[in-house]
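Here are my notes for someone opening this one for the first time. Have the viewer ready and follow the points in order.

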Amino acid sequence: MVSEVKQVFSTAVPLIGDDIDTDRIIPARYLKAITFDGLGEGAFIDDRTALNGQHPFDLPQYQGAKVLIVNRNFGCGSSREHAPQALAKWGIKAIIGESFAEIFFGNCVAMGIPCVTAEPGIVKQLQDLVTANPQAPVTIDVENLQVQINDLTFPVFMGEGTKTAFVSGTWDACGQLVANAVQVKAVASNLPYIGWGKLAVS
């Protein structure tokens with residue numbers, strides 16, 4: 001199935017700090033957008049402006065990175081889907097962190113972005129390795145729950161149900177509906193309430 005996510009391979013960008021909330025990931029003023037197009041440009045925009053080009057998302061050595069390495073309680077705050085959408089539009093395909101806010105994690109799963117957790121010491125080591133060598137390839141093996149960088153391999157964690165959803169492709173609810181369109185139509189045709197909207201009102 002096309003929607004299967006078993007492995008993500010890319011360079012990575014380290015983002016150091018605990019409790020980075022969704023308002024920092026994408027400020028509330030971007031919520032007035034009708035679509036998610038262009039949100040990537042606004043990812044961490046206030047932090048990036050304050051750091052005058054020295055934010056990791058602005059540094060040339062991290063451009064094109066698809067793996068984000070964060071710390072504790074990433075994505076806390078409001079439940080806005082715009083936060084993972086902004087990260088995805090910037091190019092992020094997977095996230096490694098110490099822990100994630102529950103709703104942020106759920107939004108990422110619904111978008112096909114695996115979020116794996118690791119012990120704080122491992123996360124710091126990964127951030128340090130990427131900082132020292134931004135071009136080092138990072139492989140997140142979702143199926144076997146491990147991360148590899150250079151010749152080093154580290155264990156990571158993800159709930160069994162979530163892992164199964166990524167590996168099998170069932171995280172993609174819309175894709176499942178499209179793939180099973182014939183069965184959906186067959187079931188719908190036998191439902192007694194389908195077509196009620198067509199009944200004449202007396």
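1. Start with Cys115, which is buried at 2% relative accessibility (buried is under 20% relative accessible area, exposed over 50%, partly exposed in between, with a 1.4 Å probe and protein chains only). Cys108 is buried as well, with a relative accessible area of 0%. Neither is tied up in a bridge: Cys115 is in no disulfide, and its nearest cysteine sulfur, that of Cys108, is 3.7 Å away. A disulfide here is a pair of cysteine sulfur atoms within 2.5 Å, and by that rule the count is zero.

2. A word on what you are looking at: this is a predicted model, where local features need pLDDT of at least 70, side-chain atom pairs count only at pLDDT 80 or more, and totals for chains, interfaces and linings use all residues. Residues are numbered from 1 along each chain as its sequence is written, and side-chain values use heavy atoms, with hydrogens and water left out.

3. Now the overall picture. The chain has eight helices and eight strands; these are DSSP runs (helices H or I, at least four residues; strands E, at least two), numbered from the N terminus. Of the 202 residues in the chain, 44% are buried. Among contacts (heavy atoms within 4.5 Å) with a separation of 6 or more, 69% join residues 24 or more positions apart.

4. Back to the helix that holds Cys108. In α4 (residues 102-111), the buried residues are Phe104, Asn107, Cys108 and Val109. Their cover includes α1 (22-25), α3, β4 (94-97), β5 (115-117) and α6 (160-168). Just after α4 comes Gly112, with a positive phi of about 85°.

5. How does α3 pack on α4? The angle between helix α3 (residues 82-90) and helix α4 is about 50°, and their axes are 9 Å apart. Axes are lines fitted to C-alpha atoms, for helices over the stretch in contact, and angles run from 0 to 180 degrees between N-to-C directions. That makes α3 oblique to α4; under 35 degrees would be roughly parallel, over 145 roughly antiparallel, 65 to 115 roughly perpendicular, and the rest is oblique.

6. Which residues make that contact? From α3 they are Ala83, Pro84, Gln85, Leu87 and Ala88, and from α4 they are Phe104, Asn107, Cys108 and Met111. By class, that gives seven nonpolar, two polar and no charged residues (nonpolar: Ala, Val, Leu, Ile, Met, Phe, Trp, Tyr, Cys and Pro; charged: Asp, Glu, Lys and Arg; polar: the others, Gly among them).

7. Have a look at Ala101, in the loop between β4 and α4. Ala101 is buried at 13% relative accessibility. Not counting residues up to four places away in sequence, Ala101 touches Asn73, Phe74, Gly75 and Cys76. The C-alpha atoms of Ala101 and Gly75 are separated by 5.3 Å, though the two are 26 residues apart along the chain.

8. Thr139 sits in strand β6 (residues 138-141) and is buried at 15% relative accessibility. Leaving aside neighbours within four places in sequence, Thr139 contacts Gln7, Val8, Phe9, Gln146, Val147 and Gln148.

9. Finally, two backbone angles to check. Phe44 has a positive phi near 55° without being a glycine; Phe44 lies in the loop between α1 and α2 (45-50) and is buried, with a relative accessible area of 0%. Asn150 also has a positive phi, near 55°, but Asn150 is partly exposed at 39% relative accessibility. Look for Asn150 in the loop between β7 (146-149) and β8 (152-155).
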